[in-house]
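Visitor: Pick one part of this model and give me a close look at it, please. I'd like to hear which way its residues face and what they sit against.

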Amino acid sequence: MRKKTRICTKALAQKLLVCAVAVTLAIAPLTFGQTGSRPDDRVVRERVDALLKQMTLEEKIGQLSQLFDFGEVKKIDEAVVGGHVGSLLFVTDPAEINRFQHLAVDKTRVHIPLIFGYDVIHGFRTIFPVPIAMAASWDPATVTTAQSIAAKEARAVGIGWAFAPMLDIARDPRWGRIVEGAGEDPYLGSAIAAAQVRGFQGDYIGSPDHILACMKHFAGYGAAEGGRDYDASYIPDSQMYNVYLPPFHAAVKAGVGSAMSAYMDLNDVPATGNHWLLHDVLRDQWNFTGFVVSDANSVKSLEKHHYAKDLSDAAVRAFKAGVNMEMAIDFNAYSRHLAAAVQSGQITVQEIEAADRPILETKIRLGLFEHPYVDEARAQRILASPEHRTASRIAAERSAVLLRNEGGLLPLKKSGYTNVAVIGPLADSQLDTLGSWAFQQDLQETVTVLGGLRDKLGPQVKLTYTPGVQIYRKFRSFFDDIFKLKPAVPWTAEKSKAEMSKAVNLATESDLTILVLGEAQNMSGEAASRESLDLPGREEQLLEAVAATRKPVVLVLLNGRPLNIKWAAAHIPAILEAWYPGTQGGNAVANLLFGDAVPGGKLPITWPRDVGQIPINYAHNTTQSPEEQGKRYWDEESTPLYPFGYGLSYSTFAFSDLKVSQTQIKPGESIDVSFDVENTGALQADEVAQLYVHQRYGSASRPVRELKGFERITLAPHAKKTLHMSLGTPELSYWSTTKKDWVEEPADFDIWVGGNSEATLHASFEIKQ
Ligand code: NOJ
């Protein structure tokens with residue numbers, strides 16, 4: 001408070017507005033960016049009007065520019081003081097945030113605070129499981145909790161804006177960024193999208209300890225051709241409306257305050273210059289009232305795409321399409337060219353002001369004018385919170401998917417083993433336990449699988465570790481520079497042989513081997529696409545060699561995409577998909593393997609047998625010879641290795657008594673679907689009940705089945721619960737290619753309920769006009 005009073009006195013003459021509010025709030029001291037209550041819309045609008053009246057055209061354009069802090073402090077300082085920038089990204093040190101903020105508040109004419117953005121994707125200091133893993137929890141509450149903790153930590157250091165959630169539906173696991181989303185399904189994706197928005201933003205934009213969310217990458221980025229990151233997407237309207245857009249629409253309905261336009265060409269029009277996407281869909285159809293930021297340098301990319309003539313044309317096209325703020329590493333198109341575009345009449349001042357409004361409104365709502373500075377000591381306390389680490393462990397336990405458990409090898413008995421071998425290049429790597437988009441963690445406190453097992457088993461069990469093989473990318477990732485990772489020095493042939501033998505010997509001498517295989521963190525994420533899904537390096541040889549010892553083997557996978565584990569799925573008795581489980585990953589895995597937690601996650605994506613099956617997703621259309629669906633190839637089954645929604649438990653469940661409240665309804669009416677789920681095993685465990693729907697005919701062909709309801713429940717041994725799910729217009733309508741609109745059609749419908757997308761318990765009903 002003392003600091004703020006001094007600032008007010010210093011700049012009193014110019015800053016009456018800022019100081020008046022700060023004085024009001026002095027009565028109820030709040031921390032950085034907190035207003036204490038939901039601001040009144042009218043008051044917010046009036047404050048924006050008042051600000052715009054004071055601003056020059058340059059200052060108005062400045063609010064539309066966002067710069068990266070990559071260490072060029074002097075350049076950024078000048079841009080801030082000159083009023084040429086409204087937002088910075090990648091500043092994470094609270095002291096530095098305060099310093100920049102002082103420049104914006106004290107040294108500029110209109111004293112508009114900066115908003116600091118950052119990729120708070122799955123945690124800040126406390127790293128949660130990667131997003132695809134959290135989607136595998138099928139538990140929106142877990143997701144909301146995780147993102148609200150991430151928001152609290154980020155906000156504590158002064159970050160007011162997360163570039164998350166990533167809502168790109170991804171049906172091609174070659175695409176590296178599949179790890180950042182919720183998988184292949186629009187219904188699950190929408191539920192996870194809304195849960196993330198709630199987690200980041202709280203009840204309203206400006207909720208204490210919350211931050212602004214940014215849905216990205218709008219839209220269609222997940223359909224990159226060949227799974228190659230940044231490549232063009234070609235998506236028919238029906239797929240766009242029925243598959244790719246719903247999670248974004250769900251986020252808008254949940255009140256998301258910002259959106260990021262994607263990098264790539266969408267049907268030959270780059271998303272960042274796509275008026276249909278950013279205006280017609282986002283603003284006109286969905287009434288989105290927040291602001292759009294471009295992805296990094298994607299305004300400049302309009303030129304690279306050979307869409308815009310030059311940087312100035314790129315600025316005008318992005319602006320006219322609906323990009324409010326430009327994120328730029330360099331080549332800032334808006335600050336260089338928008339003023340000239342106004343002078344030449346291509347853009348009006350009113351249009352510039354309209355682009356400013358939601359940005360200024362957001363800064364007001366977030367309380368940045370009242371509390372622009374962060375309390376550095378408080379930040380450290382929040383970042384250290386042990387409750388956050390506990391929440392991360394629980395999220396990792398709830399995200400894991402048990403893929404195989406032959407002969408009930410799992411859960412392991414703590415007293416059953418005296419000599420345990422832990423093998424694999426990822427088993428003791430902190431960074432690889434976290435996954436991509438994790439930068440602010442404390443690596444030392446990250447618990448690897450080896451660390452978790454060591455704690456779980458204690459000194460009485462002999463635990464030995466060796467990596468067995470080495471894995472690395474053929475081409476370096478630009479993120480490796482951020483982590484200052486040295487290029488891998490490939491092992492010599494002799495060393496490779498010796499390390500493999502050492503691993504096999506360890507397995508031979510042990511009475512249990514836990515193999516930890518998968519991908520290093522830089523093999524998944526941005527610029528991390530692959531042409532193969534095979535286990536990288538010589539992991540497959542290691543796996544087969546260890547299995548040949550005929551000792552019990554458990555395979556733990558750390559990865560962000562389905563991998564080719566065909567051989568393992570036939571030969572390794574127990575396989576646990578742990579994804580990149582985060583800060584507490586090792587403890588979560590140890591708890592799961594030894595039965596202190598029971599796996600209950602389910603796949604949010606169809607798991608192919610091999611890369612050649614891609615694209616493969618459960619909600620494909622019914623086609624010629626449907627009975628031959630599994631024999632589309634002559635050399636391999638065309639069914640997945642594991643279906644969407646699949647995951648085992650240490651218990652078993654039975655579904656029964658499926659009922660619909662009516663067998664016939666009119667368009668617009670709803671039916672209630674009810675069924676029983678029973679835990680038929682002897683352990684308390686979770687099941688994810690899933691409801692699938694199929695429309696038998698209509699104005700367009702419909703998928704064989706689509707997820708339209710789910711609920712994760714915990715059942716005591718032998719307990720039974722009746723669940724109810726509702727089907728109405730939101731679930732029963734779709735965008736029809738022939739009607740070029742949303743339709744809810746008279747037709748017969750099938751429904752199935754069960755524990756995965758191959759559920760067989762069936763009922764039907766009809767929609768009749
Ligand atoms: C590029 C990525 O595509 C986007 O997801 C991210 O938010 C920005 N860079 C900022 O880091």
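Guide: Let's take helix 22: the face turned away from its buried side carries the exposed residues Ala493, Glu494, Lys497 and Glu509. (Exposed is over 50% relative accessible area, buried under 20% and partly exposed in between, with a 1.4 Å probe and protein chains only; helices are DSSP runs of H or I with at least four residues, strands are E runs of at least two, and both are numbered from the N terminus.) Bear in mind that this is a predicted model, where local features need pLDDT of at least 70 and side-chain atom pairs count only at 80 or more, while totals for chains, interfaces and linings use all residues. Numbering starts from 1 along each chain as its sequence is written, and side-chain values use heavy atoms, leaving out hydrogens and water.

On the buried side of helix 22 you'll find Ser496, Glu499, Met500, Ala503, Leu506 and Ala507. Seen down the axis, these fall within an arc of 125 degrees (taken from the directions from the axis to the C-beta atoms), so they line one face of helix 22. An α-helix has 3.6 residues a turn, so residues three or four places apart point the same way.

What covers that buried set?

As for length, helix 22 runs over residues 493–509, and at 1.5 Å a residue its 17 residues should span 24 Å, which agrees with end C-alpha atoms 24 Å apart. That expected span is 1.5 Å times one less than the number of residues.

For a buried spot elsewhere, look at Trp161 and Phe163, both buried; Phe291 is buried too. Trp161 sits in strand 4 and Phe291 in strand 9 (residues 291–294), so their pair ties together parts 130 residues apart in sequence.
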